[in-house]
Amino acid sequence: MTVRTTSAGTERAAALPDGTLRRDLLTWYDRERRPLPWRERPSAYGIWVSEIMLQQTTVATVMTRWRAFVDRFPDPAALAAAPLEDVLAAWSGLGYYRRARALHEAARQVMAAGGELPRDVAGWRALPGVGPYTAGAVASMACGRRAAAVDTNVARVLRRLHCRDAEADRGLTAAALARLADRLVDPDRPGDWNQALMDLGAAVCTPAAPSCDACPLAGGCQARRGGDPAAVAGRRAGPGSTAVALSFLVIRCGRDLVAAPPGSEPGVRCPGLGAPVRDGFAGLYAGLWGLPSTAWYPAGGDVPRAAFAAAWGAALGEGAETPQHRGTVRHAITRYRLRVEVFATAVRPGWRPPAPWVRCGPARLPQLPWSSLARKALGRAGAANEI
DNA sequence: GAATCGTGGGT
DNA sequence: TACCCAAGATT
């Protein structure tokens, strides 16, 4: 790091005075800021919802879902009053469903405490689903508090600003980064400052190929001075993924479909496929409805359609037609790569599904919180138009 | 501190 | 195809 002497004569580690940094970045932000729906007529509630949705989810995805959610649940009172299943249905497809459960619970806590949203970092941080980043983001953007909000974008920008190479980057602890972020927050425009850092990280100071020529802070950037800015705060090697094979069965019963309620585990066992990698969806999709499914088996070699078909035949018992293979769906869930063999069958009208599966009529089907995976499978089975 | 939890898009 | 990545929180 460079050490520079300020007009006050004190030494500190920064390539540019804080005031210059703030001015340059906020000027850039005023010109380049993205038009996002939750930035129009901002409300604390709307910003809160957007920040929960944006956790590990792209802006492009949230753009397509935020409006419908806040129209459906316009304020904390409406959200708290809604059944959890309705909230999950509105969240369906966004992933990380724990967030929806936490958001719903937080709204109930807010209403139980009088209905006023928090106005400072500590108040936000106390709500479920609100961690250090989100508390700082909402407190600064919605409440005007001078709080930092360090997400992956901000961390990358600040690390590159202050670290010349990967070795210096390793020496910058998370605590030191937090102190730096706290110090830099613009006292007059804290929310804009945080969003400016995030926009810069998203659009200019990108992980693999930063556009330093377009960066308003390039003149004070240590990583650029080092010659290889992408090497600082670079990609993090994650754990590998596991390939698995499983099967869904779409059961038609007249106009009804058979669905698997939340927590209906484990999946149907398939003798001959060896030991399952995982019992099924236990621990995933908490609170969402799914389709009758098998356990998960190691993927590789031949596609075990015959074993799946046999397992389904045994699970159904009398009164069902032989399950027919309808296709294959590929999907990824966190560390698993799924290859889902989709089967379909029809049963006579009086047939009752074995527990825990249940029949659902056409009036209810569209309202169930299905996962994206279940929707894909229903599409493959030709039943997508029913949900 | 590491593992876990979804999904869609980019390379 | 296979990996990386995205406005993280929780355990």
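**Briefing: chain A and DNA strands B and C**

The secondary structure of chain A consists of 16 helices and eight strands, where helices (H or I, at least four residues) and strands (E, at least two) are DSSP runs numbered from the N terminus. This is a predicted model, in which local features need pLDDT of at least 70 and side-chain atom pairs count only at pLDDT 80 or more, while totals for chains, interfaces and linings use all residues. Residues are numbered from 1 along each chain as its sequence is written, chains are lettered from A and ligands numbered from 1 in the order in which they are written, and side-chain values use heavy atoms, with hydrogens and water left out.

**Overall form of chain A**

- The C-alpha trace of chain A spans about 85 × 50 × 30 Å along its principal axes.
- Chain A has 387 residues, of which 48% count as buried; buried means under 20% relative accessible area, exposed over 50%, and partly exposed in between (1.4 Å probe, protein chains only).
- Of the contacts in chain A between residues at least 6 apart in sequence, 69% join residues at least 24 apart, a contact being heavy atoms within 4.5 Å.

**DNA strand C**

- DNA strand C is surrounded by 29 residues, and the closest are Gly129, Thr134, Asp151, Asn153 and Arg235; a residue is near a molecule or strand if one of its heavy atoms lies within 4 Å of it.
- Of the atoms of DNA strand C that come within 4 Å of the protein, 62% belong to sugar and phosphate.
- The side chain of Thr134 has an N or O atom 2.7 Å from a phosphate oxygen of DNA strand C.
- For Asn153, a side-chain N or O atom is 2.5 Å from a sugar or linking oxygen of DNA strand C.

**Helix 10**

- Ten of the eleven residues of helix 10 are buried, so this helix is largely enclosed by the rest of the structure.
- Among the buried residues of helix 10 are Asn153, Val154, Arg156 and His162.
- A side-chain oxygen of Asp151 reaches to within 3.2 Å of the backbone nitrogen of Asn153 at the start of helix 10.

**DNA strand B**

- There are 19 residues around DNA strand B, and Gln56, Tyr96, Tyr97, Tyr285 and His331 come nearest.
- Sugar and phosphate make up 60% of the atoms of DNA strand B that come within 4 Å of the protein.
- Strand 6 (residues 324-333) gives the largest share of the surface near DNA strand B, namely three residues.
- The surface near DNA strand B comprises seven nonpolar, nine polar and three charged residues.
- Tyr96 places a polar side-chain atom 2.8 Å from a base oxygen of DNA strand B.
- Phosphate oxygens of DNA strand B are approached by side-chain N or O atoms of Arg278, at 3.2 Å, and of His331, at 2.8 Å.

**Helix 15**

- Helix 15 (residues 305-316) has twelve residues and reaches 16 Å from its first C-alpha to its last, close to the 16 Å expected at 1.5 Å a residue; the expected span is 1.5 Å times one less than the number of residues.
- Its buried residues are Ala307, Phe308, Ala311, Trp312 and Leu316.
- Seen down the axis of helix 15, these buried residues fall within an arc of 160°, so they line one face of the helix; the arc is that of the directions from the helix axis to the C-beta atoms.
- The exposed residues Ala306 and Ala314 are on the face of helix 15 turned away from its buried side.
- The cover over the buried residues of helix 15 includes strand 3 (242-253), strand 5 (297-298) and strand 7 (336-346).
- Gly317, which follows helix 15, has a positive phi, near 75°.

**Thr345**

- Thr345 is found in strand 7 and is buried, with a relative accessible area of 6%.
- The side chain of Thr345 reaches the backbone oxygen of Glu321 at 2.5 Å.
- Beyond its neighbours within four places in sequence, Thr345 is in contact with residues including Leu249, Ile251, Leu316 and Pro323.

Note on methods
Polar contact = N/O pair within 3.5 Å; in protein donor to acceptor, adjacent residues only side chain to side chain. Nonpolar A, V, L, I, M, F, W, Y, C, P; charged D, E, K, R; others polar.
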